[in-house]
Amino acid sequence: MTPEMPGDKGTAVDPMTPEVPEEGTVVDPMTPEVPEEGTVVDPMTPETLGDEGTAIDPINPETPSEGENAVDPIVPDNPAGDGGAVEPAVPDQGSSDSAEGDGTVSDTGDEENGDPEAVSCFVLDETGMLCGFLPEYAEIPDGCLTLPAECTGIRRGAFSGCGAGILELYIPAGAVTIEEGALADLISLEWIDVEYGNPGYVSDCGVLFDSTMSVLLAFPAAWTDVYAVPPGVARIADRAFDGTSIYRLDIRECTGLSFGQNVFGSSGGSGIQVAVPEPEMEMYAGMLAGYAVTLTK
């Protein structure tokens with residue numbers, strides 16, 4: 001079906017919808033009305049929003065009238081008021097909300113309060129061996145120095161130049177490696193104690209031995225009077241009697257005793273008496289040659 005031609009000039013006509021014929025009725029096709037002869041029909045155009053034939057201009061933003069000042073663009077306020085740069089806001093680190101919400105660690109104020117981190121007087125290497133001692137940071141009540149539980153042993157020279165003032169040394173059970181001569185610099189030492197359960201060392205009357213009591217490792221330098229070496233000892237370690245203050249060393253109960261290098265240290269024995277078994281006098285005279293000691297029976 002073809003839509004009906006418009007009537008009045010410029011008027012839009014809605015298209016016609018054909019009626020549905022009854023069943024069995026033949027309907028002739030509709031043809032559009034033909035205008036009268038000599039009449040010109042304008043083509044259909046869409047309806048405009050204004051009056052007929054009036055064009056509608058697009059909407060433009062308002063501009064200031066002639067002679068008016070130009071409008072400045074809107075800019076955010078400057079809190080400083082002097083044109084200076086504004087620092088970005090920084091969240092308060094001390095608030096509990098920010099610390100809990102974003103994982104920020106709050107300032108405890110320890111640095112401002114001047115609380116320095118505690119400095120240990122014990123210098124341990126990567127294996128836990130004591131390789132140095134800082135007496136200026138040490139607390140030695142009554143002259144007793146207790147090594148830390150994490151100490152695994154003592155290296156030779158650990159107390160070099162800083163052993164004065166230590167009267168008693170307590171060695172923990174975990175210190176299982178003590179190098180020979182490691183305690184020789186403790187010139188004020190009167191007693192050595194070892195924690196029960198140490199698998200490598202024991203203390204007998206304040207003297208340091210290996211766990212089998214067959215090697216005398218260190219004798220307290222400040223011990224005076226006389227000392228008799230136990231009968232089961234087979235060897236006296238390097239510098240075991242370095243700086244000793246005793247005047248008589250009795251080894252008569254020992255059999256086949258041997259000595260480490262420089263057993264009397266820098267003092268050389270300081271003229272002490274060494275009591276030896278009479279049958280072995282000649283043997284010990286050769287072993288102790290060069291020391292400032294006197295052999296007796």
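Two strands are taken to pair if DSSP finds at least two bridges between them. Strands (E, at least two residues) and helices (H or I, at least four) are themselves DSSP runs, numbered from the N terminus.

The structure on display is a predicted model, in which local features need pLDDT of at least 70 and side-chain atom pairs count only at pLDDT 80 or more, while totals for chains, interfaces and linings use all residues. Residues are numbered from 1 along each chain as its sequence is written, and side-chain values use heavy atoms, with hydrogens and water left out.

**The five-stranded sheet**

Select β8, β9, β10, β12 and β14. In that order, these five strands form an open sheet with mixed pairing. At the edges stand β8 (201-204) and β14; each has a single partner strand, so one side of each is left without a neighbour in the sheet. Within the sheet, β10 (residues 215-218) pairs with β12 in the parallel sense over two bridges. Display Leu216 to see the residue that stands opposite Ile236 in β12.

**The whole chain**

Of its 297 residues, 30% count as buried, where buried means under 20% relative accessible area, exposed over 50%, and partly exposed in between (1.4 Å probe, protein chains only). The chain exposes about 19,900 Å², and carbon and sulfur atoms supply 51% of that area; accessible areas come from the Shrake-Rupley method with a 1.4 Å probe, and for residues only the protein chains shown count as cover. Among contacts (heavy atoms within 4.5 Å) between residues at least 6 apart in sequence, 41% join residues at least 24 apart.

**The four-stranded sheet**

Next, select β11, β13, β15 and β16. They form an open sheet of four strands in the order β11-β13-β15-β16, with parallel pairing. Its edge strands are β11 (226-228) and β16 (294-296), each of which pairs on one side only. From one strand to the next the twist averages 20°, with axes taken as lines fitted to C-alpha atoms (for helices over the stretch in contact) and angles running from 0 to 180 degrees between N-to-C directions. Three bridges join β13 and β15 in the parallel sense, and Arg248 stands opposite Gln273 in β15.

**The hairpin of β1 and β2**

Move to β1 and β2, which pair in the antiparallel sense over three bridges. Leu124 stands opposite Leu130 in β2. Four residues lie between the strands of this hairpin, and Gly128 takes a positive phi near 90°. On colouring by accessibility, four of the five residues of β2 are found to be buried, so β2 is largely enclosed by the rest of the structure. Two bridges also join β2 to β4 (residues 153-154) in a parallel arrangement; the bridge partner of Met129 in β4 is Gly153.

**Aromatic pairs**

Rings of Phe, Tyr and Trp (its six-membered ring) pair if their centres lie within 6.5 Å; planes under 30 degrees apart count as stacked, over 60 as edge-to-face and the rest as tilted. A search of the whole structure finds nine aromatic pairs. Display Phe122 and Phe133: their ring centres are 5.9 Å apart and their planes stand at 45°, so the pair is tilted. Phe122 is in β1 (residues 122-124) and Phe133 in β2 (residues 129-133), eleven residues apart. Phe122 counts as buried at 15% relative accessibility, as does Phe133 at 6%.

Then display Phe241 and Phe264, a tilted pair with 6.2 Å centre to centre and 45° between the planes. Phe241 lies in the loop between β12 (235-236) and β13 (248-250), and Phe264 in the loop between β14 (258-259) and β15 (273-275), so the pair ties together parts that are 23 residues apart in sequence. Phe241 is buried at 1% relative accessibility, and Phe264 is also buried at 1%.

**Nonpolar cores**

A nonpolar core is a set of buried Ala, Val, Leu, Ile, Met, Phe, Trp, Tyr and Cys residues joined through side-chain atoms within 4.5 Å. Of the 29 residues in the largest such core, Phe133, Leu147, Ile154, Phe159, Ile171, Leu183 and Leu208 touch the most other members. The elements that give two or more residues to this core are β2, β5 (168-171), β7 (191-194) and β10, and β10 gives the most, with three residues.

Centre the view on Leu147. Not counting residues up to four places away in sequence, Leu147 touches Phe122, Leu130, Ile154, Phe159, Leu169, Tyr170, Ile171 and Pro172. The tour ends at a second, separate core of 24 residues, which includes Phe219, Leu249, Val263 and Val274.
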